[in-house]
Amino acid sequence: KCDQISESDIIRCLITGEDTPSGDSPADFGAVHLEKGWVASMLKVPQSRFSNTADAQRYYEAHPMERLYEQKRQETRFFSSGGDDLKNLHERCSAGIGALVLRLEKEYSKYLSTTWKIQALKRVISAYDEKEFQLNLLGLEDQNEDNIRTAAVAEVERRLGCTMDDGPWIDELYSNFFDTFLEEKVVEKLDSVEGLGITMEVEPYELKGFLADMQTQILAIVDDALASYKSYWMDSLEEALTAETKVVVNNAETSTINIVTSFWSRTLDLFKMPMRRRQVYTEVKKAPPFHLAGYPTFVEGILANQRQLFEDAHAAISEKIYGVIEAIDKGMPYLEVHYQGGGCFEVSAFHRILLSKVVEIFAIHTPTPTAIRAQHDGVPIGVENNDVAAERRELQNDLVKVKQAQDGMCAAFGVTEEEIAALRAELDIGD
């Protein structure tokens with residue numbers, strides 16, 4: 001309340017802590033030390049245009065904003081024209097509400113810098129890096145269509161031709177077709193056909209019916225196998241080509257993760273060993289994974305070619321096997337019919353010969369792993385999936401916003417790029 005003190009040198013002494021010209025010290029006037037210092041103010045109720053204080057008070061109570069602006073003007077006039085001592089205080093930013101505001105802002109900024117800034121910046125950096133990681137996980141973004149297609153073909157080869165400890169996946173699928181599919185669908189069921197694999201005596205009047213019944217049973221087994229033939233291959237291939245690539249936590253305690261693509265009996269890891277999350281950030285930034293699901297035209301084109309491949313194979317296998325089985329009464333290597341005399345025939349159906357012929361036909365006409373993998377040839381890459389493209393744009397917009405927040409904090413606190421890099425390094429170490 002500087003307006004209530006008549007001697008300005010005393011005010012100056014109390015505010016600055018300096019002795020008066022006459023040699024009096026601040027302690028002589030009962031000064032109280034404040035660590036942050038004192039600021040002089042003059043907030044007398046404005047009385048301009050009013051004859052008395054009561055009228056002025058009533059008016060400004062009804063017009064508070066006007067009162068504040070009038071007080072600001074009066075305070076500025078008071079200190080700038082109140083003599084050398086007051087003018088000196090004003091020039092040194094030790095007088096006036098404006099000086100108090102500046103000092104509060106300075107102290108608040110200092111407080112934020114020492115208690116809040118570092119952790120806040122680390123949170124912003126972490127948010128930026130996580131958003132960037134999610135964006136990189138969406139895969140390659142390139143305006144050059146040839147570059148995208150090259151990456152897409154490489155991903156197809158990685159999935160279909162992936163080499164692991166037990167060999168390429170497509171080779172395993174191929175081997176499983178013969179070792180499991182045909183074993184269950186054909187080999188085991190042929191054992192149940194009456195007369196197959198043994199020698200039987202058949203009466204003349206029974207011979208035609210016996211051979212026809214054997215033919216019917218064998219055809220039914222083959223029909224069942226052929227009905228599942230295309231789905232065996234295409235279900236597995238579609239699963240492989242449409243499988244999503246995801247982040248998988250390998251160890252919750254150590255927070256180690258990997259980027260994996262899982263399908264059929266395989267799990268393809270992007271990295272040989274799981275790594276800490278922020279390590280993965282760096283690796284994915286250098287070499288983003290490619291998401292085939294993001295390019296449905298390309299994937300569907302490959303699958304369409306593969307479907308046609310197996311439809312053609314299905315037709316060829318059907319024709320060949322039906323030709324063998326339907327000629328059962330015309331004398332085939334797996335069937336011998338001998339008249340024994342006395343009105344009796346001896347029928348010998350050689351199970352292994354028939355089985356070998358059936359499996360041979362499947363082997364000759366089923367597309368090879370190399371042919372299956374090559375069905376991407378000539379397939380256009382197409383455009384990125386709308387949902388993926390929208391997610392990419394959203395993440396890019398989020399990155400801009402987070403970067404603006406980071407830049408704003410850096411500008412407010414005078415943080416350099418080197419300091420940001422150091423904080424990021426601390427996060428990497430502490431991950």
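Modeller: Let's start with Ile15, which is buried because its relative accessible area is 17% (buried means under 20%, exposed over 50%, and partly exposed in between, using a 1.4 Å probe and protein chains only). Bear in mind that this is a predicted model, where local features need pLDDT of at least 70 and side-chain atom pairs count only at pLDDT 80 or more, while totals for chains, interfaces and linings use all residues. Residues are numbered from 1 along each chain as its sequence is written, and side-chain values use heavy atoms, with hydrogens and water left out.

Ile15 belongs to helix 1, residues 8-16 (helices are DSSP runs of H or I with at least four residues, numbered from the N terminus). Setting aside residues up to four places away in sequence, Ile15 touches Trp38, Val39, Ala40, Leu89 and Ser94 (contact means heavy atoms within 4.5 Å). Take Ala40 from that list: Ile15 and Ala40 are 25 residues apart along the chain, yet 6.9 Å separates their C-alpha atoms.

Now step along to Thr20, in the loop between helix 1 and helix 2 (53-62). Thr20 has 6% relative accessibility, so Thr20 counts as buried too. Again leaving out residues up to four places away in sequence, Thr20 touches Asp9, Cys13 and Phe29.

Cys93 sits in another loop, the one between helix 4 (84-91) and helix 5 (97-115). Cys93 is partly exposed, because its relative accessible area is 39%.

Next, how do helices pack? Helix 8 (169-190) and helix 9 (204-242) have axes 10 Å apart and pack at an angle of about 160° (axes are lines fitted to C-alpha atoms over the stretch in contact, and angles between N-to-C directions run from 0 to 180 degrees). So helix 8 is roughly antiparallel to helix 9 (under 35 degrees is roughly parallel, over 145 roughly antiparallel, 65 to 115 roughly perpendicular, the rest oblique). Among the residues that meet are Trp169, Leu173, Tyr174 and Phe177 from helix 8, with Ile221, Tyr229 and Trp233 from helix 9. The contact has 16 nonpolar, three polar and three charged residues (Ala, Val, Leu, Ile, Met, Phe, Trp, Tyr, Cys and Pro are nonpolar; Asp, Glu, Lys and Arg charged; the others, Gly among them, polar).

Helix 7 (145-160) and helix 11 (296-326) have axes that come within 12 Å and cross at roughly 50°. These two helices are therefore oblique to each other. Arg149, Ala152, Val153, Val156 and Leu160 of helix 7 meet Phe298, Ile302 and Gln306 of helix 11. By class, that contact has six nonpolar residues, one polar and one charged.

Trp233 and Phe298 turn up again in the largest nonpolar core: of its 59 residues, Trp233, Phe298 and Phe362 touch the most other members (a core is a set of buried Ala, Val, Leu, Ile, Met, Phe, Trp, Tyr and Cys residues joined through side-chain atoms within 4.5 Å). Helix 9 gives the most to this core, with 17 residues. Neighbours within four places in sequence aside, Trp233 is in contact with Leu173, Tyr174, Phe177, Phe310, Thr366 and Ile372. Ile125, Leu395, Phe413 and Leu423 are included in a second, separate core of 19 residues.
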